[in-house]
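Please view the sequence and the model below before reading on.

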Amino acid sequence: MKKIYLFTALLAGAITSCTKLDTDVESQLTPDNFPNNPESFIAATGPVYTQLRSIYAVEYWRMQELSTDEAIIPARDGNYDDGGQYRFLHLHTWGPDHPNVRSNWEWGFGGINTCNRIISLFEATPDSDDKRRSLAEMKAMRALFYYFMMDLYGNVPLITNFPVTTPPGTAPRADVFAFIEKDLKEALPNLNTAAGTFTYGRPTKWMAFALLEKLYLNAQYYTGQAKFTETVAMADSVLNGAKSIYSLDADYMTLFASTNGPQIKETIFAVPYDPNVAEGNHFTRFGLHTALQAKYNIPFRPSIALSTIKDFYDKFNLTGDVRNTTWLAGKQYENNGSPVIIKSTKKGVDASYIGSDGSAAVDYHLDFTPEMPLVRAATMDVGNDELGKARGVRSIKFYPDPNANTSTRYQGNDMPVLRLADVMMMKAEAILRGATATTVNGELQTADVLVNKIRTRAHAPLVTGITLDQLLDERGREFAWEGWRRNDLIRFGKFEGAWGFKTNTDVNKRIYPVPTSEKALNPNLTQNPGY
């Protein structure tokens, strides 16, 4: 296996995480019988990572990407409508009963609850280096889950003990921000400084610095108080402290391949996936096209659901930029150069065809069109004829895995959460927003210098005098489909803009509602404004 770290999940027994925080947890590990060795501590933390990967690449990703201009799942003659849930995310018309609103709340607080349970267990064990490191890792993971929840829902309950006997009320976002900051700072001294197989997919000191940088970059939105100087300081903690550990990988596409893993020198923290024992990554299943199965050696028949919109695809317009190759647009060809042909009929290719020879055979050359005209506006439906199936540019950033599981259709591409390029781009943005440029390794790192490091790797033209709007576009090119677009658009004040078929400008949609099911379970929760 390419990912040795998976033994953490395999050694640990499965645990059910749910929204009822006082649920009894069955475990063979107690403070009385806990083995005091590194392997036992790692095994005990397995349920946290199992929880993280469970929906990170699916329901969590949808909340952060389908609500933006980066990704869209239109209906195709009723297919892929699924009760309108994807349409509601695109149009910003979701409510507290949306299935992803509920599943993400349960996922996030399930992770927090599991972290609290394990922290409680560890705190009762004898002191040791392994105990201190493992406690630090669990605090960092709790901070990560809380960051996701604060970013999605704003004001959320602050829960630090296990078990919980009294339903908690809602805490102000600024208090949650301060708690995340405190957890990460307390964890820092005891977190591992090494990168590689042993720490891959687990928090390190550099992960904590990078998450603090993300926290501080968004502080003005989260709390009303800008922390751009602190953003730069956290970036420099990585750029100076880990200069011999992390570097930009020369080949951009290797970062997202099915063979990615601890050998990637740019990834600071990732959610690891494996098609058989660490399931959860479904990009090829949902986002390619049935006619491309042979070309990409996909061991199952993919669907045609997921694509992007023209406005976002148009940003990939820099000459020579390798990031342009992460999208499939226009006429498609087999690896030998022959056209990808779909056997159909005139009516099968274009359902609007009204000629008397609609059943006549046609060889349709697959052609992905950025434009997505609707055949039924009310359901955001592009049709399910061959033209409709080809509406929308497709992504191969998380490149199809030839070893994907044929029955479950899961693939093995790990999902980067924090990587060196983001550390650099966040620092560049903080400088553009008023922080002072700093020197790292003898180099004065201005915003242009930092962005040009990213562009050099991408073989894109260098920039001079980059603006904030240009930097947002650059973040779109670099981090497309990595789960940060909603976060970026809100910070730049662009989340209320119009794109695709969206016209709703309601600022209350910057945060999601407390799910109806949670309000019923816990009347102490306060609903977010506008819901």
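A residue is called buried when its relative accessible area is under 20%, exposed when that value is over 50%, and partly exposed in between. Lysine 346, with a relative accessible area of 30%, is therefore partly exposed. The model is a predicted one.

**Salt bridge between aspartate 357 and lysine 346**

- The side chains of aspartate 357 and lysine 346 form a salt bridge, with an N to O distance of 2.5 Å.
- Eleven residues separate the two partners: lysine 346 belongs to helix H13, while aspartate 357 sits in the loop between helix H13 (346-349) and strand E5 (361-365).
- Aspartate 357 has a relative accessibility of 29% and so counts as partly exposed.

**Salt bridge between glutamate 478 and arginine 419**

- Glutamate 478 and arginine 419 form a salt bridge in which the closest N and O atoms are 2.9 Å apart.
- The pair links distant parts of the chain, with glutamate 478 in helix H17 (residues 468-479) and arginine 419 in strand E8 (residues 415-419), 59 residues apart.
- Both glutamate 478 and arginine 419 are buried.
- A network of salt bridges includes Arg419 and Glu478, and among its other members are Glu266, Asp321, Arg323 and Lys397.

**Salt bridge between glutamate 496 and arginine 510**

- A salt bridge of 2.9 Å, N to O, joins the side chains of glutamate 496 and arginine 510.
- Glutamate 496 and arginine 510 lie 14 residues apart in the loop between helix H18 (485-491) and helix H19 (516-521).
- Glutamate 496 counts as buried because its relative accessibility is 12%, whereas arginine 510 is partly exposed at 23%.

- Aspartate 69 is located in the loop between helix H3 (46-65) and helix H4 (85-91).
- With a relative accessible area of 7%, aspartate 69 is buried.
- Leaving aside residues up to four places away in sequence, aspartate 69 touches Thr308, Ile309, Phe312, Lys315, Arg485, Leu489 and Trp499.
- The side chains of aspartate 69 and arginine 485 are joined by a polar contact of 2.9 Å.
- Glycine 497 is 428 residues from aspartate 69 in sequence, yet the C-alpha to C-alpha distance between them is 9.5 Å.

Note on methods. Residues are numbered from 1 along each chain as its sequence is written. This is a predicted model: local features need pLDDT of at least 70, side-chain atom pairs count only at pLDDT 80 or more; totals for chains, interfaces and linings use all residues. Side-chain values use heavy atoms; hydrogens and water are left out. Helices (H or I, at least four residues) and strands (E, at least two) are DSSP runs, numbered from the N terminus. Buried means under 20% relative accessible area, exposed over 50%, partly exposed in between (1.4 Å probe, protein chains only). Contact means heavy atoms within 4.5 Å. A polar contact is a pair of N or O atoms within 3.5 Å; within protein, one must be able to donate a hydrogen and the other to accept it, and residues adjacent in sequence count only if both atoms are side-chain atoms. A salt bridge is a side-chain nitrogen of Lys or Arg within 4 Å of a carboxyl oxygen of Asp or Glu.
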